[in-house]
Amino acid sequence: MAGTVTPVEEPAKSPLARRVAVIGGGPGGLYAAALLKRHAPAREITLWERNAPDDTFGFGVVLSDETLGGIESADPDVYAALRREFVRWDEIDVVHRGTTLRSGGHGFAALGRRRLLALLHERCRGLGVDLRFRAEAPPAAELARSYDLVIAADGVHSRTRDTHREHFRPTLTTHRCRYIWLSADFAFDAFRFDVAETEHGLMQLHGYPYSRPSDDPSEGASTVVVEMREEVWRRAGLDTCDEAASVEACGKYFAEALGGRPLRANRSTWTAFRTVVNAHWSHGNTVLLGDAAHTAHFSIGSGTKLAVEDALALAGHLRAGTSVPEALAAYEAERRPVVESTQRAARASLEWFEDLSFHTGGPPRRFAFDLLTRSRRVTHDNLRLRDPAFVAAVEAEAGVPPGTPPMFTPFRLRGLTLRNRVVVSPMDMYSAVDGTPGDFHLVHLGARALGGAGLVMTEMVCVSAQGRITPGCAGLYAPEHESAWRRVTDFVHTRAPGTALGVQLGHSGRKGSTRRQWEGIDEPLPRGNWPVVAPSALPYKPGVSQAPRALTTSAMAEVRERFVRSAEAAARAGFDLLELHCAHGYLLSSFLSPLTNHRTDAYGGDLAGRLRYPLEVFDAVRAVWPADRPMTVRISATDWADGGTTDEDAVAIARAFAAHGADALDVSTGQVVPHERPAYGRSYQTPFADRVRHEAGVPVIAVGAISSWDDVNSLILAGRADLCALARPHLYDPHWTLHAAADQGYTGPGAPWPAPYRAGSRKPPTGRRA
């Protein structure tokens with residue numbers, strides 16, 4: 001036929017890795033074997049599994065629609081088999097002190113783990129994979145000599161990983177809860193979270209259906225995970241219980257949730273969850289997959305999901321690559337960012353459950369919203385899309401006016417009422433001349449004040465020339481500084497009425513006399529250095545930074561007086577709020593951290609001693625700062641380094657400042673020592689603010705990679721923060737808050753547009769229209 005082209009068959013491409021060994025017969029290993037054999041039938045694939053075919057731990061597994069879509073694309077036969085077996089549901093039930101709150105629109109799919117394994121066994125056998133059960137695999141190093149590829153899918157206790165730890169470089173973190181996998185012979189009609197407040201402490205149940213063969217729930221089955229803090233587990237005597245006694249005890253604690261029906265076990269033991277992270281996922285022709293490479297807490301239901309997605313990616317890159325090393329590198333490059341994101345979400349979730357006692361005291365709907373958004377993957381906005389009635393009920397309970405996003409509700413600190421919950425975070429600009437702010441500061445701070453935030457903070461304003469970080473840092477230690485700042489406050493109060501302007505006072509300590517950020521952050525000045533001081537004579541970067549002079553008590557009194565004089569100048573300059581900078585390794589922060597304060601006098605030693613000088617400075621400043629104007633304190637809640645400030649220290653520090661009159665704590669982290677290892681990620685510092693808020697009972701400002709108005713709404717409505725400070729988003733868009741209001745269709749008093757800008761309060765059309 002004219003116009004048609006007869007296809008020419010290309011010669012079959014020789015597959016990468018003709019001989020493949022798979023260690024471990026879990027879902028990940030089995031699915032990798034099936035995919036590799038399906039892609040290249042000529043491959044010789046052998047899989048070893050130490051257990052019998054029908055031996056398995058746990059009961060049900062949950063897979064996301066995204067994972068199922070990948071399975072459907074890669075192997076329609078497996079997808080079709082799974083689709084016939086899955087139990088699907090959309091609801092989550094959160095039980096809070098006898099009140100059950102249901103949220104819909106979530107979308108889950110689950111099936112029995114044993115059934116999943118049977119389907120994968122059948123698929124592997126049908127494709128010709130050699131499955132060897134009740135057989136210990138030879139060591140990976142031995143297999144690597146005779147096979148082209150060795151897939152180590154041997155689980156969280158991977159022998160392969162441990163044997164070759166010098167290559168994979170694993171980090172294993174054991175967490176603070178104990179949990180046990182059980183099953184109930186009926187199907188929950190939703191994903192259920194239940195809390196038992198016992199005489200021993202809080203216990204939680206995570207339950208979901210994995211079998212529902214008919215409309216009669218008595219014929220179904222559900223996974224039931226019971227979890228509690230280690231100390232609760234011990235107080236309840238569960239550490240001495242065998243399997244049968246544990247099952248009986250869990251059934252009693254959650255009798256109401258179970259309707260009095262018994263629980264079942266399957267070689268069930270109490271376990272502490274371990275997060276597995278590996279620096280490298282492959283070594284030679286051996287590659288880790290699933291739990292051997294990484295784990296993510298079961299509370300976000302991702303273990304089997306991640307393993308199956310690993311198998312999909314590995315098989316895809318082996319199909320497309322030109323060599324095994326190239327394929328393994330591409331597999332890790334694709335999967336690592338996804339896994340790290342999942343692990344961050346999982347860690348946020350597991351820590352929420354570890355700290356469950358902080359959250360149970362609030363109203364029931366807030367508790368449910370807090371639980372649903374704990375991992376930061378479910379947010380205010382997408383939960384509102386899933387179940388608008390549920391979110392509306394949470395907002396009503398919290399007193400949020402109809403049609404008002406939570407971020408645009410007012411908040412009062414002493415005599416100052418902020419019109420919304422957005423703070424422009426302090427950001428060093430390094431653009432002052434001899435400490436004097438100039439036109440740049442007027443434009444920079446004025447633009448952000450016009451942009452709608454409730455509170456705009458200055459950069460750290462230094463209390464002396466010696467207390468500057470760089471030659472470009474702003475100060476409040478000379479008359480010309482005060483008048484220059486008065487120019488800024490007058491502009492904000494006149495042209496952006498309703499916007500509060502706060503000043504952050506600080507002293508650089510041992511991190512002073514350095515270059516501007518863009519010239520080399522924390523690097524010493526090449527010339528023109530000034531002496532630096534600290535609680536102890538410890539340089540910030542040994543061998544690089546200038547060695548500080550340890551402050552004497554008389555020098556400490558002089559520095560304290562400089563804070564007082566700067567605070568008096570700030571009050572005269574018209575600032576609405578004052579923040580004392582006790583974070584990020586600057587002078588007052590260095591007194592607080594045991595890593596930087598090695599003093600042996602009354603200002604060192606235990607936390608009470610390390611707090612003494614920062615509290616003295618705070619008291620002196622509070623005494624001269626106007627009584628109706630609020631004071632906040634910024635702290636580093638962790639040093640992200642061994643031996644540094646702990647979570648418990650942060651709460652104690654917050655309590656101490658609150659007892660001395662701090663109106664709120666600005667809870668940041670790190671930058672205290674150069675060898676820190678922060679766990680970066682979206683909103684990664686907010687759990688510290690959450691803990692301080694709940695344990696210390698003080699309002700908090702949350703900071704740290706909060707990047708969207710959805711994040712702000714979520715944090716405020718969940719009760720994890722009272723205010724949210726954002727830095728980089730306000731550099732990208734000075735009118736971030738007003739644009740957030742426009743994006744949400746909000747036109748109320750929490751975000752009024754300045755009169756000259758009102759014509760631009762609607763987002764311009766993005767394309768031409770005829």
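Colleague: Over residues 407-741, how much of the chain is helix and how much is strand?
Modeller: Keep in mind that this is a predicted model. Over that stretch the chain is 37% helix and 16% strand, and its end C-alpha atoms are 9 Å apart. The stretch itself comes from an unreviewed UniProt entry, which lists 407-741 as "domain: NADH:flavin oxidoreductase/NADH oxidase N-terminal".

Colleague: And into which domains is the protein divided?
Modeller: There's domain 1, covering 19-353, and domain 2, covering 410-748. Their C-alpha centres lie 44 Å apart.

Colleague: Now helix pairs. What is the angle between H3 and H4?
Modeller: An angle over 145 degrees counts as roughly antiparallel. Helix H3 (residues 76-85) packs against helix H4 (residues 113-127) at about 155°, with the axes 11 Å apart. That makes the two helices, H3 and H4, roughly antiparallel. Their crossing is right-handed.

Colleague: Which residues of H3 and H4 make the contact?
Modeller: From H3 you get Asp77, Val78, Ala81, Leu82 and Glu85, and from H4 Arg115, Leu116, Leu119, Leu120 and Arg123. Sort the residues of that contact and you find six nonpolar, four charged and no polar.

Colleague: How do the axes of H22 and H23 cross?
Modeller: Helix H22 (residues 647-659) and helix H23 (residues 686-696) cross at roughly 55°, and their axes come within 9 Å. H22 and H23 are therefore oblique to each other. The crossing of H22 and H23 is right-handed. Among the residues in contact are Ala650 and Val651 of H22 and Phe688 and Val692 of H23. The contact of H22 with H23 has six nonpolar, five charged and no polar residues.

Technical notes. Residues numbered from 1 in each chain as written. Predicted model: local features only at pLDDT ≥ 70, side-chain atom pairs only at ≥ 80, totals over all residues. Heavy atoms only, no water. Domains from an automatic or database assignment. UniProt positions renumbered as here; feature names shortened; annotations may be inferred. Helix = DSSP H or I, 4+ residues; strand = E, 2+ residues; numbered from the N terminus. Axes fitted to C-alpha atoms, helices over the stretch in contact; angles between N-to-C directions. Parallel < 35°, antiparallel > 145°, perpendicular 65-115°, else oblique. Left-handed = near helix turned anticlockwise from the far one by under 90°. Contact = heavy atoms within 4.5 Å. Nonpolar A, V, L, I, M, F, W, Y, C, P; charged D, E, K, R; others polar.
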